[in-house]
Amino acid sequence: MKLFGYWRSLAAFRVRIALNLKGQPFEVVSTDLIKGEQFDPEYLKVNPQGVVPALITDSGEALTQSMAILEYLDEAFPAPALLPEDLMARARVRALCMIMVADMHPLVVPRIRKYVTQDWGHSEEELGAWIGNWTKKGLEAVEAHLTDGGHSGKFCEGDQVTMADLCLVPQIGAAMLFKIDITPYPNAKRIFDECMTIPAFFDARPQAQPDFPEDMK
Ligand SMILES: N[C@@H](CCC(=O)N[C@@H](CS)C(=O)NCC(=O)O)C(=O)O
């Protein structure tokens, strides 16, 4: 398979972890979001939305939207399962994913940052406050779910790696990259650390990607 992604894309990070867990080899096509390569006409034929990731499956079809791709991979390659068997647990996992994928991540993507600074004229400092605010609000909600319901174990839902962990790890990684204090989210951090002991997660980290910038190593 072929994955259009970028080292610092949280959505592509989710998909890399899933492909690794499923033992599916893939070729990475780096799409530089800072240079605007997501808007190249050739790429827009793959994903008309102009965002990464996009996965070209073995049958040559393009899939977009990281959650749709995770669901596809889980159905196409059932082991190890990324959703629990229990109906309520499945719903809880999907709810956690949605906090991060639908309510947190879209507020900090490049097109939003560009809009806030270039179109609305806000400073880098104000942009930092924007990113910090929405990241903290989201992580507070995630942490409350991991703490209060009593359903988290080694991972977000019990002791099984699920899609929720695939969403959590990039989100915590990004918070650390943005230098946001994550000590108020001890369960989220604990699960992040646990996941990072698993090669499928560790190998998918931004720093391990071929397009990770030399000057950040
Ligand atoms: N909901 C989408 C989000 C896709 C998305 O926004 N990806 C970001 C990188 S993480 C992107 O390509 N942004 C390009 C831009 O904002 O111009 C998914 O989960 O796949």
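Tutor: Two residues are in contact if their C-beta atoms, placed from the backbone, lie within 7 Å. Please keep in mind that this is a predicted model.

Student: Good. Which residues does Phe 201 touch, leaving out those up to four places away in sequence?

Tutor: Phe 201 touches Ile 17, Val 169, Cys 195 and Met 196.

Student: Is Phe 201 buried or exposed?

Tutor: Phe 201 has 23 other C-beta atoms within 10 Å, so it counts as buried. The cut-off for buried is 20 or more.

Student: And which helix is Phe 201 in?

Tutor: Phe 201 lies in helix 9, which covers residues 199–202.

Student: Let me change topic. What domains does the chain have?

Tutor: The domain assignment gives domain 1, made of 2–80 + 202–216, and domain 2, made of 87–198. The C-alpha centres of domain 1 and domain 2 lie 19 Å apart.

Student: How many residues are in contact between domain 1 and domain 2?

Tutor: On the domain 1 side there are 14 residues, and they are in contact with 15 residues of domain 2. Helix 1 and helix 3 each supply at least two residues of the domain 1 side. The largest share of that side comes from helix 1, with seven residues.

Student: What kinds of residues make up the side of domain 1 that touches domain 2?

Tutor: That side divides into 11 nonpolar residues, one polar residue and two charged residues.

Student: Now the ligand. Where does it lie relative to domain 1 and domain 2?

Tutor: Both domain 1 and domain 2 give residues to the shell around the ligand, so the ligand lies between them.

Student: How many residues surround the ligand, and which are the closest?

Tutor: The ligand is surrounded by 15 residues, and the closest are Ser 9, Ala 11, Val 51, Ser 66 and Arg 111. By type, the shell consists of 10 nonpolar, four polar and one charged.

Student: Which helices each supply at least two residues of that shell?

Tutor: These are helix 1 (10–21), helix 3 (66–76) and helix 5 (110–119).

Student: On to the strands. What does strand 1 pair with?

Tutor: Strand 1, residues 2–5, is joined to strand 2, residues 27–30, by four bridges, and these two strands run parallel. The chain passes from strand 1 through helix 1 to strand 2 in a right-handed β-α-β crossover. Strand 1 also pairs with strand 3, residues 54–56, in the antiparallel sense over three bridges.

Student: Which residues stand opposite Leu 3?

Tutor: The bridge partner of Leu 3 in strand 2 is Val 28. In strand 3, Leu 55 stands opposite Leu 3.

Student: Where are the cis peptide bonds you mentioned wanting to cover?

Tutor: A cis peptide bond joins Val 52 and Pro 53, with omega about 10°. Pro 53 lies in the loop between helix 2 (41–46) and strand 3. The peptide bond from Ala 79 to Pro 80 is cis as well, with omega near -10°. Pro 80 is in the loop between helix 3 and helix 4 (87–104).

Student: What about phi at Gln 65?

Tutor: Gln 65 has a positive phi of about 70°, although it is not a glycine. Gln 65 is in the loop between strand 4 (62–64) and helix 3. It counts as partly exposed because it has 18 C-beta neighbours inside 10 Å.

Student: And what of Lys 179?

Tutor: Lys 179 is not a glycine, yet it has a positive phi of about 60°. Lys 179 lies in the loop between helix 7 (163–177) and helix 8 (186–195). With 9 C-beta neighbours inside 10 Å, Lys 179 counts as exposed; the cut-off for exposed is 12 or fewer.

Student: One last residue. Where is Gly 138, and what does it touch beyond four places in sequence?

Tutor: Gly 138 lies in helix 6, residues 124–148. Not counting residues up to four places away in sequence, Gly 138 touches Ile 99, Met 100, Asp 103 and Met 104. With 19 C-beta neighbours inside 10 Å, Gly 138 counts as partly exposed.

Technical notes
Residues are numbered from 1 along each chain as its sequence is written. This is a predicted model: local features need pLDDT of at least 70, side-chain atom pairs count only at pLDDT 80 or more; totals for chains, interfaces and linings use all residues. A residue is near a molecule or strand if its C-beta atom, placed from the backbone, lies within 6 Å of it. Ala, Val, Leu, Ile, Met, Phe, Trp, Tyr, Cys and Pro count as nonpolar, Asp, Glu, Lys and Arg as charged, and the others, Gly among them, as polar. Domain bounds come from an automatic or database domain assignment. Two strands pair if DSSP finds at least two bridges between them. A crossover is right-handed if, with the strands pointing away from the viewer, the path from the first strand over the helix to the second runs clockwise.
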